[in-house]
Amino acid sequence: MCAIHALGDYDPKKGGHLILWDWKLVIEFPPGCTILIPSAAIAHGNIAIRPWETRKSFTQYCPGGLIRWFRYGYRTEEDFEKQDHAGWQAMKASAEQRWKEACGMFSTVSGLHADVIQHLRFTDGQDA
């Protein structure tokens, strides 16, 4: 997941919107807001702001190469393939399934309410 925090001085009704191309979504993204998106899995961008306005963003992410380095036993894919060919083949064979499982972890609009109830606990300050 990638956390994007919008900063600046712009009118979010006129520009600076977040575009999630693959999902055909355009989202107002005012200064001070943060969104989490799977940035490696979905093309994204922003609508331009007016020339006298400013827009910045603070973005946090974990590069895929770093995750692969860990999954490959702290070595390059080339070294992983040479040193553990069977393990490398198993990793490649399971890639599609891992992708489907990861995508299946996202809430759908219709299931969002149930997911919130199941996975989040809101309290009034008193533990049950």
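## Surroundings of Ala-41

Apart from neighbours within four places in sequence, Ala-41 makes contact with Asp-22 and Trp-99. The model described here is predicted. Ala-41 sits in the loop that joins strand 4 (34-37) to strand 5 (44-46).

With a relative accessible area of 35%, Ala-41 is partly exposed, because this class lies between the 20% limit for buried residues and the 50% limit for exposed ones. Between Ala-41 and His-5 there are 36 residues of separation in sequence and 19 Å in space, taken from C-alpha to C-alpha.

Glu-53 belongs to the loop between strand 5 and strand 6 (54-60). Its relative accessibility is 9%, so Glu-53 counts as buried, the criterion being a value under 20%.

When residues up to four places away in sequence are set aside, Glu-53 touches Asp-9, Tyr-10 and Asp-11. For Asp-11, the backbone nitrogen lies 2.8 Å from a polar atom of the Glu-53 side chain.

## Geometry and packing of helix 3

Helix 3 comprises 19 residues, 85-103. The distance from its first C-alpha to its last is 27 Å, close to the 27 Å expected at 1.5 Å a residue. At Ala-95, helix 3 bends by about 45°.

Gly-87, Trp-88 and Met-91 are buried residues in helix 3. The packing partners of the buried residues of helix 3 are helix 1 (64-71) and helix 2 (77-83).

How values were computed:
Residues numbered from 1 in each chain as written. Predicted model: local features only at pLDDT ≥ 70, side-chain atom pairs only at ≥ 80, totals over all residues. Heavy atoms only, no water. Helix = DSSP H or I, 4+ residues; strand = E, 2+ residues; numbered from the N terminus. Buried < 20%, exposed > 50% of the residue type's maximum accessible area, 1.4 Å probe, protein only. Contact = heavy atoms within 4.5 Å. Polar contact = N/O pair within 3.5 Å; in protein donor to acceptor, adjacent residues only side chain to side chain. Expected span 1.5 Å × (residues − 1). Bend = angle between axes of the 7 residues up to and from the residue.
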